[in-house]
Amino acid sequence: MPDDSLTFDPTRLKYGIGQPVPRQEDPKLLKGQGRYTDDLSLPNQLYAHVLRSPYAHAVLNSVDVSEAKAAPGVHLVITADDLEDYGELVCAMPLKNIDGTPLRTTRRKALAKDRLRFVGDPIAVVVADTKAQAKDAAEMIFLDVETLPAATEASAAAAPGAAQLYDDIPGNQVLDFRFGNAEKVAEAFARAAHVQKLALRNNRIVVAAMEPRSAIGEYEAETGRMVLRVGCQGVFGLRNQLADDVLKMPRNKVRVLTGNVGGSFGMKASVYPEYLPLLHASKVLGRPVKWTDERSGSFQSDAHGRDHEVEAELAVDAEGKFLAVRLTSFANMGAYLTNVGPNMATGNYSKNIQANYATPLLEVHTRCILTNSVPVTAYRGAGRPEANYYMERLIEEAARAMGKSPIELRKLNHIKPEQMPYSAASGSVYDGGDFSAILDQALEAADFEGFEARRAEAKQRGVLRGIGIGNFLECTAPPQKEQGGIRFEDDGTVTIITGTLDYGQGHWTPFAQVLHQQLGVPFESIRLLQGDSDELIAGGGTGGSKSIMASGAAIIEASEIVIEKGRQAAAHVMETALADIEFEAGTFTVAGTDRSIGIRELAAKVKEMPRSEDLPETLDVTHVFNEAPMAFPNGCHVAEVEIDPDVGTVKFVNYVTVNDFGVIVNPALVKGQAHGGIVQGIGQAIYEFVAFSEDGQLLSGSFQDYGVPRAEDVPSFGFASHPVPCKTNPVGAKGCGEAGCAGSLPAVMNAIVDALRPLGVSHIDMPATPEKIWRAINGV
């Protein structure tokens, strides 16, 4: 498949928008010079270990820490009683029940008291001279408990007679959500020529980030400030949540610092309960306190992803036109509500189930249920890949049942370019797209017409071959207010200051490309500052595939302010009228002359000039981009697989993608983001599944029990672009970070089902493990 997205265009700036500039972060990271939280050690620091609940559900009568306090090297043992004066972790999402009442939130203290609600619930924190001493002392803590029945499946926890996690949340239900007109949807289903139904499982995922969570709490006695060094997705939002909800302190008394972050995918976005005891301990002891989780602790306490039980339905008329789509779901929240836990199977299902199809009616009915399991939060795509998966599986099975071509059924229902802007039943307004053309391009790249011959050849070899389509559209998170700071440093470099945060994406390079194009500043002189809350006045963090739209737009608008300030200063320096000053490629020029001054030289002169009301004091800018609507990245994945019927293993033989990400700032980085999303989609589709025992013990608590795809398990990916620039943000971008998951889930699962269909198998749930496939083949 031609990789035309990476073609170099010599007519454009070498480091400008559209060029595949190598990531500037990589040399440092590849040489082991990155600075992650666990790489830090502060003078006189102590170490913490967290004691977690070994019970899924129990009454906690008492916690005896007397022996632990007397253990060698121990300075402090913290329990819930020590943190009574602090706040709680709550979910403040403005979601409402069908009857109009607000969602019932859980109010989570940092350490458990009275009740243990999942295996991994933090109970106590031991602070000692060394990690080993803290861990040894934690084993001396005695818990007096009465175990209770547990439920880890949402449907089971919602059933009559199930164990109740909270006395004030009957039926364990925090939200009964509905979007859409149920009556009109029911009427559409009643008049449909065909109704396609599928029971689908959105399997629970362990995030398994490269870098386990780690944090250092430090109390600055001289300033009364709490400083938290931690890997996260945005220091501005984390600082605000920590100050407002947990510490109950003024925001200017809290600082969050983040260096390099080894992956997050949504999991590290919000405050975790472990952070408060570290800060409290530092205040009590007058020394920094460091904690780094072990991988086993990560499996038990890092928020999980996905986990929904869904009945999906599609109503189709006799011609094949979609009349309505309906999702009825149980959404597993885990034992406590995270900051965005209820959003994935409610708001994001509602926005994304329509995808790129002109479906006039939709209904999403979701019951959000608490269970004795690790709390659930956003995971790459956060409801977007799942909704596309449901729709694509419904279309594939509806076409087969009606004797229609799945491809033609998709095209018949695609929103057409001439219908743009299109007001979708979801409430979104699509600004542009060319969905059928993208599908055709992907099918051609995959040699779809030649597939049956390849299937026949595979049959001769005794293997099953299948091909699957994932024709997706997802709604990004709407860009929030975002800082676009530009600072001209004394050493000639230029610093971009923004509230998004790079946790593996590679922000420095594309952000520098935008600034380089706008101001002509040499690319190699541009620096990026993202990880210090003291430097920010706004910041939406990184999530929802919005970073380049938000930060890119903020940089563009800030650059315009720099240019206007520069014109004023240049007019003064070159003693001419403001109207005569022109700016191009980093240089201010007096029109019609050869008199000019570079922007960095001018910035240095401005700092030295006498103050004047008519002149700027500096060319520096602290600007806030006000936000833009969400965008709609879309595309088509085609996966081709072979299955060994004797053992049920899946092998990829081809994988192509065609994507519309709007204006692409850096094709190489976008391609890498797409690859990462596809691999995570493959992981969920084939390998990954969190398993619990009947009493709530985590059975998949390590990489010995939990499968993730390795390099040898995934194919090379064909990548091509069919861009339709976004009209609602200054960059013209649509976001790309989560789209790989949105296309891969349906493409992979449709390919597997297609391979098994000749054997009478019309559906298999994720993950399609070898055992599950073997059982489907053999009817057991």
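1. Leu 175 stands opposite Cys 368, a residue of β15; strands here are DSSP runs of E with at least two residues, and helices are runs of H or I with at least four, both numbered from the N terminus. The two strands concerned, β7 and β15 (residues 362-370), pair in the antiparallel sense over six bridges, where pairing requires that DSSP finds at least two bridges between two strands.

2. On the basis of the model: this is a predicted model, in which local features need pLDDT of at least 70 and side-chain atom pairs count only at pLDDT 80 or more, whereas totals for chains, interfaces and linings use all residues. Residues are numbered from 1 along each chain as its sequence is written, and side-chain values use heavy atoms, with hydrogens and water left out.

3. The pair described above belongs to an open sheet of five strands with mixed pairing, in the order β7-β15-β14-β13-β8. Because β7 (173-179) and β8 (194-202) stand at the edges with a single partner strand each, one side of each is left without a neighbour in the sheet. Neighbouring strands of this sheet are turned against each other by 10° on average, direction ignored; axes are lines fitted to C-alpha atoms, for helices over the stretch in contact, and angles run from 0 to 180 degrees between N-to-C directions.

4. Helix α9 (residues 344-352) lies across β7, β8, β13 (308-316), β14 (322-334) and β15, and runs at about 165° to β15; contact means heavy atoms within 4.5 Å.

5. Two cis peptide bonds deserve a look. The bond from Met 420 to Pro 421 has omega near -5°, and Pro 421 is found in the loop between α11 (406-413) and β16 (422-423). The bond joining Met 766 and Pro 767 is also cis, with omega about -10°, and Pro 767 is found in the loop between α18 (739-756) and α19 (770-778).

6. Positive phi values also call for comment. Ala 208, although not a glycine, has a positive phi of about 55°; Ala 208 is placed in the loop between β8 and β9 (214-220) and counts as partly exposed at 25% relative accessibility. Ala 585 has a positive phi near 50° and lies in the loop between β22 (581-584) and β23 (587-590). With a relative accessible area of 63%, Ala 585 is exposed; buried means under 20% relative accessible area, exposed over 50%, and partly exposed in between (1.4 Å probe, protein chains only).
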